[in-house]
Amino acid sequence: MRKPIIAGNWKMNKMNSEAVQFIKELKPLLPEDDSVEKVICPPFTALAPVIEECRGTDIKVGAQNVHWEESGAFTGEVSPQMLKDMGVTYCIIGHSERRAMFGDTDETVNKKAKALLAAGLIPIICVGESLEQKEAGNTFKVCESQVQKALEGIEPRDAGNIVIAYEPIWAIGTGKTASSEDAQEVIAHIRKTLARVLNEEVAGKIRIQYGGSVKPENIASFMEKEDIDGALVGGASLKSQSFSEIIKY
Ligand code: PGA
């Protein structure tokens with residue numbers, strides 16, 4: 001059984017005081033049991049206060065990006081070891097905004113994935129097609145290639161706890177979502193790719209999220225699908241009320 005994982009991607013939002021306030025509000029709204037894994041990914045600046053405020057809870061904290069080297073002359077970058085040292089558990093890599101605006105490529109996503117695993121952190125690897133690619137009928141091909149390249153050189157024994165987020169680019173922040181049937185179909189194809197690149201057993205363990213305009217109103221329709229194991233949530237993760245409703249789908 002794969003444990004569902006709901007992760008909030010705050011992107012470039014929230015001052016530290018707002019971040020701490022959010023966690024304070026969220027805690028009493030969470031379900032008592034731990035049947036869903038909860039992850040908050042604040043900007044780098046708010047990692048420390050959010051980790052502090054989450055102490056004693058089962059909320060895990062993730063970063064939104066990382067560099068693949070351990071240390072050195074990389075002005076402005078942060079290493080996996082630095083994240084690990086401060087108590088970070090997850091790290092989003094290859095988000096379409098980073099691929100589109102900050103030069104992330106399949107190759108750097110692969111380097112980041114390997115570096116995170118080596119440091120004992122869990123990558124949340126984002127893949128997904130653009131509207132143009134969708135309309136050209138290339139959704140499967142694009143996702144398959146992104147997954148395969150992200151995992152190049154990663155041993156199956158190291159890959160079991162990786163998370164993949166399928167985020168169609170045209171659904172991010174637009175209010176448009178993939179239908180849960182379409183998302184299931186793409187995600188099932190991603191799982192098939194994982195089985196081919198790694199092996200069947202590991203592919204059955206890897207959690208695959210859907211992302212793109214997930215809200216309290218539509219989360220259940222995704223979560224009832226066989227291969228969808230959670231959600232990566234942007235806009236609706238910024239308010240404690242809506243994020244907690246998504247967790248309690
Ligand atoms: P959204 O963002 O939920 O605001 O569409 C999702 C994401 O970019 O991870």
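Trainee: How far is an oxygen atom of the ligand from a polar backbone atom of S213?

Mentor: The model is predicted, so local features need pLDDT of at least 70 and side-chain atom pairs pLDDT 80 or more, while totals for chains, interfaces and linings use all residues. Residues are numbered from 1 along each chain as its sequence is written, and side-chain values use heavy atoms, without hydrogens and water. A polar contact is a pair of N or O atoms within 3.5 Å. For an oxygen atom of the ligand and a polar backbone atom of S213, the distance is 2.7 Å.

Trainee: How many charged residues does the shell around the ligand have?

Mentor: The shell has four nonpolar and seven polar residues. Asp, Glu, Lys and Arg count as charged, and the number of charged residues in the shell is two.

Trainee: Which residue meets K24 in a salt bridge?

Mentor: A salt bridge needs a side-chain nitrogen of Lys or Arg within 4 Å of a carboxyl oxygen of Asp or Glu, and the structure holds 18. K24 lies in helix α1 and its partner in helix α2, so the pair ties together parts 29 residues apart in sequence. At 3.4 Å, N to O, the partner is E53.

Key. Polar contact = N/O pair within 3.5 Å; in protein donor to acceptor, adjacent residues only side chain to side chain. Helix = DSSP H or I, 4+ residues; strand = E, 2+ residues; numbered from the N terminus.
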